[in-house]
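User: Hey, I'm new to this one and would like a quick tour. Can we go through it piece by piece?
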Amino acid sequence: MHPSRTASFSVLFLTAPIVSSLKIASALGVLEWTPELIAKEDYFEGDVDIVNGGIASLFSNPTVDLGSNSETQLLSQFGSHKNLRSIGTVAEVYYRIVANKKSGINGLEDLKGKRIGALRTTSSEYFVQTYLATVGLKPADYTIVNGLGCLQEPCADYTFPAMLKSGSIDAIGMWEPSVELGAEALGPDAIVFGNNQTVYREIYNLATTSEKLYDPKKRAEIVQFLKALKQAEDVFQRDPAKVIGRVAEAVKTNDTLLEAVWPVHKWNVRVPSDMLDVLVDEDKFVASYGKREPIPRETLATVIDGSVLEEALGA
């Protein structure tokens, strides 16, 4: 080949843009993941494939680069995968409880002896335990009833809002919009607790593995996605009207319902200063279901890696 042509190809190779490509596994049946969609569509320069799944997908599917879930799922997976790394929040959600006043419930303490719809082993059950402990109630003082969430009416019979309306449960404690739908189903008979509670928030976080972060190319792509995610989250905070319609379409709900539950969601990309304290406390709950000992604080500290977000926000 002619030397000048070789030089031309070399320059072309060196200056050609590197196309980023990421696969993200998220729980697509909840609201919390949706800033990832806006980051993908509006701000990330590259290809992003968002598939249904979560943090566990990082270990069941080697093509997954990032997974997002609540902090309970992070702890569950870290128990057996010490290479797991949480790199920042997608959303922080202050859960609520809706109860039926016809069941004799006028205060949080009245949930003693009642049937509460919550998903066992998840942040839903942990929230109920934590919140009811503030009024002296222990898990033995009430019954957790399993079911499913609902994203919009009509809610199927096996979902919590329908179960609350039919009287098969007395209350719901979990993420949105099931609590809001339960309140709407009961109408004037609904009483909602937790609009201003601060004892528990879901930390819906983005995670990856140490191996992905050690790979310079993959790390650079993840940094770029965090930058895009930050831009998307800023819109969620400042001008939600621009994205609510797209979020509603993505999770198959409606704008009015989203507007009602938006205030309990804190949309931001950060590593919370109390993240380690939260994980230490919550791991006692997760460990009890995992039939293992709680993970020592110094070990839990290694699951948090704020360096990637620092790169993204400093770039």
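User: Leaving aside its neighbours within four places in sequence, which residues is Ile50 in contact with?
Analyst: One thing to keep in mind: this is a predicted model. Apart from neighbours within four places in sequence, Ile50 is in contact with Ile24, Ser26, Leu28, Trp33, Glu36, Leu37 and Lys40.

User: Where is Ile50 found?
Analyst: Ile50 belongs to strand S2, which covers residues 46–52.

User: And is Ile50 buried or exposed?
Analyst: Buried. Its relative accessibility is 15%, and buried means under 20%, so Ile50 counts as buried.

User: How far apart are Ile50 and Ala207?
Analyst: In sequence, 157 residues separate Ile50 and Ala207. In space, they are 14 Å apart, C-alpha to C-alpha.

User: OK, over to S3. Which way do its residues point?
Analyst: Strand S3 is residues 66–69. Leu66 and Ser68 point one way, while Gly67 and Asn69 point the other way, and all of them are buried. In a regular strand, side chains alternate between the two faces of the sheet.

User: In what sense do S1 and S3 pair?
Analyst: Parallel, over three bridges, with S1 being residues 20–26. Ile24 has Leu66 in S3 as its bridge partner.

User: How many bridges join S3 to S10?
Analyst: Three, and those two strands run antiparallel. In that pairing, Ser68 stands opposite Leu206 of S10.

User: Switching topic: what's the strand order in the open sheet of five strands?
Analyst: The order is S7-S6-S8-S5-S9, and the pairing is mixed. From one strand to the next, the twist averages 25°.

User: How do S6 and S8 pair?
Analyst: S6 (residues 115–117) and S8 (residues 171–174) pair in the parallel sense, over two bridges. Gly117 stands opposite Ile172 in S8.

User: Which strands does helix H5 lie across?
Analyst: H5, residues 123–133, lies across S5 (96–100), S6, S7, S8 and S9. It runs at about 110° to S8. Helix H7 (residues 178–186) packs on the sheet too, touching S5, S8 and S9, and its direction makes about 20° with that of S5.

User: Which residues line the largest cavity?
Analyst: The lining is made of Ser86, Ile87, Gly88, Thr89, Ile203, Asn205, Arg270, Val271, Pro272 and Met275. The elements that give two or more residues to it are S4 (84–93) and S10 (202–209). S4 provides the largest share, four residues.

User: And by class, what does that lining look like?
Analyst: It has five nonpolar, four polar and one charged residues.

User: Last stop, Arg219. Where is it found?
Analyst: Arg219 is in helix H9, residues 216–238.

User: Why does Arg219 count as buried?
Analyst: Because its relative accessible area is 17%, and the cut-off for buried is under 20%. Setting aside neighbours within four places in sequence, Arg219 is in contact with Lys212, Leu213, Ser307, Val308 and Glu311.

How values were computed: Residues numbered from 1 in each chain as written. Predicted model: local features only at pLDDT ≥ 70, side-chain atom pairs only at ≥ 80, totals over all residues. Heavy atoms only, no water. 1 Å grid on protein atoms, 1.4 Å probe; cavity = no way out; pocket = protein on both sides within 12 Å on 5 of 7 lines; lining within 4 Å. Nonpolar A, V, L, I, M, F, W, Y, C, P; charged D, E, K, R; others polar. Buried < 20%, exposed > 50% of the residue type's maximum accessible area, 1.4 Å probe, protein only. Pairing = 2+ DSSP bridges. Contact = heavy atoms within 4.5 Å. Axes fitted to C-alpha atoms, helices over the stretch in contact; angles between N-to-C directions.
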